[in-house]
Amino acid sequence: MDNIIVPPTIHLIVGTIVLLANLFFLVVVGLLAWQKSALSAVGKAAFILFQVVLMVQVLIGIKLLDQGLGIFQLYIHYLGGLAPMAFCLLFYWLPTKDGVKQSRRLAVVASVSFVFMLLTFVVGSIATAGIG
(Lines give C-alpha, C1' and ligand atoms only; values in the text may rest on other atoms or scores of the structure.)
Protein backbone atom coordinates (compact mmCIF):
# COMPACT_ATOMS: atom_id res chain seq x y z
CA MET A 1 0.00 0.00 0.00
CA ASP A 2 2.84 2.39 0.73
CA ASN A 3 4.07 2.11 -2.85
CA ILE A 4 0.71 3.08 -4.32
CA ILE A 5 0.49 6.78 -5.13
CA VAL A 6 -2.98 8.27 -5.41
CA PRO A 7 -3.24 11.49 -7.43
CA PRO A 8 -5.37 14.24 -5.85
CA THR A 9 -7.62 14.30 -8.93
CA ILE A 10 -8.96 10.89 -7.87
CA HIS A 11 -10.11 12.49 -4.61
CA LEU A 12 -11.87 15.20 -6.60
CA ILE A 13 -13.55 12.68 -8.91
CA VAL A 14 -14.70 10.46 -6.05
CA GLY A 15 -15.82 13.58 -4.16
CA THR A 16 -18.05 14.45 -7.09
CA ILE A 17 -19.44 10.91 -7.05
CA VAL A 18 -20.09 11.24 -3.30
CA LEU A 19 -22.00 14.49 -3.87
CA LEU A 20 -24.09 12.86 -6.60
CA ALA A 21 -24.76 9.78 -4.46
CA ASN A 22 -25.75 12.06 -1.56
CA LEU A 23 -28.07 14.03 -3.83
CA PHE A 24 -29.69 10.81 -5.10
CA PHE A 25 -30.05 9.60 -1.50
CA LEU A 26 -31.58 12.94 -0.51
CA VAL A 27 -34.11 12.89 -3.35
CA VAL A 28 -35.17 9.28 -2.71
CA VAL A 29 -35.61 9.53 1.07
CA GLY A 30 -36.92 13.07 0.80
CA LEU A 31 -39.73 11.87 -1.45
CA LEU A 32 -40.46 8.98 0.91
CA ALA A 33 -40.60 11.33 3.89
CA TRP A 34 -42.74 13.83 1.96
CA GLN A 35 -45.19 11.07 1.02
CA LYS A 36 -45.14 9.76 4.60
CA SER A 37 -44.08 6.37 3.25
CA ALA A 38 -42.02 3.69 4.91
CA LEU A 39 -38.42 3.21 3.88
CA SER A 40 -38.39 1.32 0.59
CA ALA A 41 -35.81 -0.99 -0.96
CA VAL A 42 -34.67 1.87 -3.20
CA GLY A 43 -34.27 4.10 -0.14
CA LYS A 44 -32.20 1.44 1.61
CA ALA A 45 -30.08 0.93 -1.51
CA ALA A 46 -29.51 4.69 -1.86
CA PHE A 47 -28.40 4.84 1.79
CA ILE A 48 -26.01 1.93 1.32
CA LEU A 49 -24.60 3.42 -1.90
CA PHE A 50 -24.01 6.74 -0.15
CA GLN A 51 -22.21 5.08 2.75
CA VAL A 52 -20.00 2.97 0.47
CA VAL A 53 -18.84 5.88 -1.71
CA LEU A 54 -18.35 8.01 1.41
CA MET A 55 -16.10 5.35 2.95
CA VAL A 56 -14.10 5.06 -0.28
CA GLN A 57 -13.65 8.84 -0.30
CA VAL A 58 -12.48 8.86 3.32
CA LEU A 59 -9.97 6.09 2.59
CA ILE A 60 -8.61 8.02 -0.40
CA GLY A 61 -8.35 11.12 1.78
CA ILE A 62 -6.41 9.17 4.40
CA LYS A 63 -4.05 7.89 1.71
CA LEU A 64 -3.50 11.45 0.47
CA LEU A 65 -2.69 12.50 4.03
CA ASP A 66 -0.24 9.62 4.22
CA GLN A 67 1.39 10.93 1.04
CA GLY A 68 1.81 14.35 2.68
CA LEU A 69 -0.77 16.10 0.51
CA GLY A 70 -3.22 17.05 3.25
CA ILE A 71 -1.14 19.68 4.98
CA PHE A 72 -2.59 22.44 2.83
CA GLN A 73 -6.23 21.59 3.55
CA LEU A 74 -8.35 23.25 6.19
CA TYR A 75 -9.76 21.39 9.17
CA ILE A 76 -13.28 22.12 7.93
CA HIS A 77 -12.42 19.83 5.02
CA TYR A 78 -11.60 16.96 7.38
CA LEU A 79 -14.49 17.55 9.78
CA GLY A 80 -16.99 18.20 7.02
CA GLY A 81 -15.96 15.03 5.25
CA LEU A 82 -16.30 12.87 8.35
CA ALA A 83 -19.48 14.46 9.73
CA PRO A 84 -21.77 12.55 7.33
CA MET A 85 -20.30 9.31 8.66
CA ALA A 86 -21.24 10.45 12.16
CA PHE A 87 -24.77 11.24 10.98
CA CYS A 88 -25.08 7.72 9.54
CA LEU A 89 -23.86 6.27 12.83
CA LEU A 90 -26.44 8.31 14.75
CA PHE A 91 -29.15 6.85 12.56
CA TYR A 92 -28.02 3.35 13.54
CA TRP A 93 -27.53 4.25 17.20
CA LEU A 94 -31.09 5.59 17.49
CA PRO A 95 -33.05 2.82 15.78
CA THR A 96 -36.79 2.72 15.21
CA LYS A 97 -38.98 0.03 13.73
CA ASP A 98 -41.48 2.55 12.37
CA GLY A 99 -40.86 2.79 8.61
CA VAL A 100 -42.19 6.33 8.29
CA LYS A 101 -39.92 7.55 11.11
CA GLN A 102 -36.99 5.79 9.40
CA SER A 103 -37.61 7.60 6.14
CA ARG A 104 -37.95 10.92 7.97
CA ARG A 105 -34.77 10.38 9.95
CA LEU A 106 -32.90 9.39 6.80
CA ALA A 107 -34.20 12.52 5.09
CA VAL A 108 -32.60 14.52 7.90
CA VAL A 109 -29.37 12.50 7.61
CA ALA A 110 -29.33 13.03 3.84
CA SER A 111 -30.03 16.77 4.17
CA VAL A 112 -27.39 17.60 6.75
CA SER A 113 -24.91 15.28 5.04
CA PHE A 114 -25.44 17.09 1.75
CA VAL A 115 -24.86 20.48 3.38
CA PHE A 116 -21.64 19.23 4.99
CA MET A 117 -20.47 17.46 1.82
CA LEU A 118 -21.14 20.50 -0.37
CA LEU A 119 -19.30 22.77 2.07
CA THR A 120 -16.40 20.32 2.22
CA PHE A 121 -16.26 20.00 -1.56
CA VAL A 122 -16.23 23.78 -2.04
CA VAL A 123 -13.66 24.41 0.71
CA GLY A 124 -11.42 21.61 -0.57
CA SER A 125 -11.66 22.87 -4.15
CA ILE A 126 -10.84 26.43 -3.12
CA ALA A 127 -7.93 25.34 -0.95
CA THR A 128 -6.54 23.12 -3.69
CA ALA A 129 -6.97 25.81 -6.36
CA GLY A 130 -5.14 28.29 -4.12
CA ILE A 131 -2.17 25.93 -3.87
CA GLY A 132 -1.87 24.93 -7.50
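By the distance rule used here, this structure contains one salt bridge. A salt bridge is a side-chain nitrogen of Lys or Arg within 4 Å of a carboxyl oxygen of Asp or Glu. The model is predicted: local features need pLDDT of at least 70 and side-chain atom pairs count only at pLDDT 80 or more, while totals for chains, interfaces and linings use all residues. Residues are numbered from 1 along each chain as its sequence is written, and side-chain values use heavy atoms, with hydrogens and water left out.

Let's meet the two partners. Lys-63 and Asp-66 join through their side chains, with 3.4 Å from N to O. They sit three residues apart in helix 2 (residues 41-66), which means about one helical turn separates them. Helices here (H or I, at least four residues) are DSSP runs, numbered from the N terminus. As a general point, an α-helix has 3.6 residues a turn, so residues three or four places apart point the same way.

Helix 2 itself has 26 residues and reaches 37 Å from its first C-alpha to its last, close to the 38 Å expected at 1.5 Å a residue. That expected span is 1.5 Å times one less than the number of residues. After helix 2 comes Gly-68, with a positive phi near 85°.

Which residues link up through ring pairs? Phe-25, Phe-47, Phe-50, Phe-91 and Tyr-92 form a cluster this way. Rings of Phe, Tyr and Trp (its six-membered ring) pair if their centres lie within 6.5 Å; planes under 30 degrees apart count as stacked, over 60 as edge-to-face and the rest as tilted. The whole structure has six aromatic pairs. Phe-47 and Phe-91 make an edge-to-face pair, 5.4 Å centre to centre with 85° between the planes, and this pair links helix 2 to helix 3 across 44 residues.

The table shows how accessible some of these residues are (buried means under 20% relative accessible area, exposed over 50%, partly exposed in between, with a 1.4 Å probe and protein chains only).

| Residue | Relative accessible area | Class |
|---|---|---|
| Phe-47 | 4% | buried |
| Phe-91 | 13% | buried |
| Lys-63 | 13% | buried |
| Tyr-92 | 44% | partly exposed |
| Asp-66 | 53% | exposed |

Note on methods:
Helix = DSSP H or I, 4+ residues; strand = E, 2+ residues; numbered from the N terminus.
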